[in-house]
Amino acid sequence: MSVVAGFAAPALFNMTEIRDASTLKEDIQRDWHTVSGKLKTRQKVMTISVGELWPGQDYRVPVRLIVPAEAKAKGFWLTGGHQLKGFEGDAALNRLATELLEGGVGVVHTIVQEPGTWGQKTLGNEMGTRFLKTLNPRYSIQYWGWPASLMRAVTAAYAEEEYFEVGNVVVSGGSKNGASPSVALIHDDRITAQHATVSPLWESPLRLCDSKAWNRLRDYNKEAGVKRPHHFLGGTYGPVYNEDALRMGRSWEDLQQLAGEMADAVFISKNFQALKKRGAAMLFEPGTHDFVCFDVAWGGEHYPGIPVFYQPNSGHGKKSKHPGAIQGVQNHDALLLYHFFPGETDSLLSVPEMEIHRENDEVVVTVKFAENDPAEGGRLYWMFDRPPEGSDAYLKLLIPDDNWMEMKWDEEKTGWSGRIPVRDGSTSIDLFSCHWKHVEAPLRTLQTAISSPYKRVVLD
């Protein structure tokens, strides 16, 4: 039991409860049945109990299980980016799901969405109100509800012993379906890999409600004339609830304490080394201009080893593509195919190291990969004097179309090299590189890419 601001808050998850299949309280919508099509499968649809939010209030979600027609599935791919209507009939299979099922891997669907979008608006509102009043993370859909839903779906699948056997489990998705799987991966060692887009990764000062960081951001926004910042910018692990909680009688110190306690429980960065030791495979695509992952410079400085791919000018709602962007990147499918079929699929690139130094009026960048892990090419991107992280201007000021170059292989340095002319009068430069590699899988060749750590360099 941990104490948050004078009241008792339970540990974020009781993993004994999460793994207990006897409490799933299954309500079967369609029991196991054969589904014909290009690939014949067996499917089951039900709702399950995730757990009690408070005494007498159960939280339930739908789950669909899909396995090969003639054999058990060994492990599965789990996603929450589905809508309630989609559970009414049999699931159609995309190319990746088909490849996995043909290889003996299962597929599991559940719902990780705002409760109001699938008929639980009243419950969602009550959860939000209770959380703001108490700051008890059990009432938070983002801290407890969504990750617990994914982990209970794992329990539901493995409870079907005639249809599933233990194997690798990969979670994937974007936004809330990137953030929630991260939390589930941290707490549930049955999950073995994750691919996530536009979701938070690290515990930067704004996320931890650091007063100095917040005061600097408020001052910047005031000078810029920003009256209502985006409601995600500065949030600990999603939308900013700070002002609402203060209006409910909580203090800033309460918010700091909660953020500090949640950091170890929700951020990949705080658990990255332990996850690596556990053998978990991970790849993240947080976006360079995303309102959920608004702190990529801080993350690149403090956690350069986390595997990320930055498509330039990417993020929630960013539709225009940078002219230098690498086209046709298929990291998601490549990660899953390699994780499930490592003997038949090539590995992805590992995280490179970046060296930066100043030579007169140029910034010289060299990016190096491990000797046995060669990239096929590289591109360098940059922007001068980027506004502070967490500000509206941070999202709106994009990398200029001309601020990129093809990197050259430097035989002497055994790395990819580029030189950026320094713009007169600039005080800082943000930069990163992207590198690609084609991966051979059993049925196709995939284009993959990874980035160097994102760097912000102060210019003398």
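Two strands are taken to pair if DSSP finds at least two bridges between them. The model is predicted. On that criterion strand 6 (residues 73-79) pairs with strand 7 (residues 106-110), as four bridges join them, and the two run parallel.

**The open sheet**

- Strands of a sheet pair through backbone hydrogen bonds, in either a parallel or an antiparallel manner.
- Eight strands make up an open sheet, in the order 3-4-5-7-6-8-9-10, with mixed pairing.
- Strand 3 (27-35) and strand 10 lie at the edges, each pairing on one side only.
- On average, neighbouring strands of this sheet are turned by 20° against each other, direction ignored.
- Helix 3 (residues 121-134) lies across strand 4 (41-54) and strand 5 (57-68), and runs at about 40° to strand 4.

**Helix 5**

- Helix 5 (residues 176-187) comprises twelve residues and reaches 17 Å from its first C-alpha to its last, which is close to the 16 Å expected at 1.5 Å a residue.
- Ten of the twelve residues of helix 5 are buried, and the helix is thus mostly covered.
- The buried residues are Asn-177, Gly-178, Ala-179, Ser-180, Pro-181, Ser-182, Val-183, Ala-184, Leu-185 and Ile-186.

**Helix 2 and helix 11**

- The axes of helix 2 (residues 95-102) and helix 11 (residues 331-340) come within 11 Å and cross at roughly 5°.
- Angles under 35 degrees count as roughly parallel, so helix 2 is roughly parallel to helix 11.
- Helix 2 contributes Leu-96, Glu-99 and Leu-100 to the contact, while helix 11 contributes His-332, Asp-333, Leu-336, Leu-337 and Phe-340.
- By class, the residues of this contact divide into five nonpolar, one polar and two charged.

**The hairpin of strands 17 and 18**

- Strand 17 (residues 428-440) and strand 18 form a hairpin, with four residues between them.
- Seven bridges join the two strands, which run antiparallel.
- Cys-434 has Ser-451 of strand 18 as its bridge partner.
- Strand 18 (residues 445-451) is largely enclosed by the rest of the structure, because six of its seven residues are buried.

Terms used. Residues numbered from 1 in each chain as written. Predicted model: local features only at pLDDT ≥ 70, side-chain atom pairs only at ≥ 80, totals over all residues. Heavy atoms only, no water. Expected span 1.5 Å × (residues − 1). Buried < 20%, exposed > 50% of the residue type's maximum accessible area, 1.4 Å probe, protein only. Axes fitted to C-alpha atoms, helices over the stretch in contact; angles between N-to-C directions. Parallel < 35°, antiparallel > 145°, perpendicular 65-115°, else oblique. Contact = heavy atoms within 4.5 Å. Nonpolar A, V, L, I, M, F, W, Y, C, P; charged D, E, K, R; others polar.
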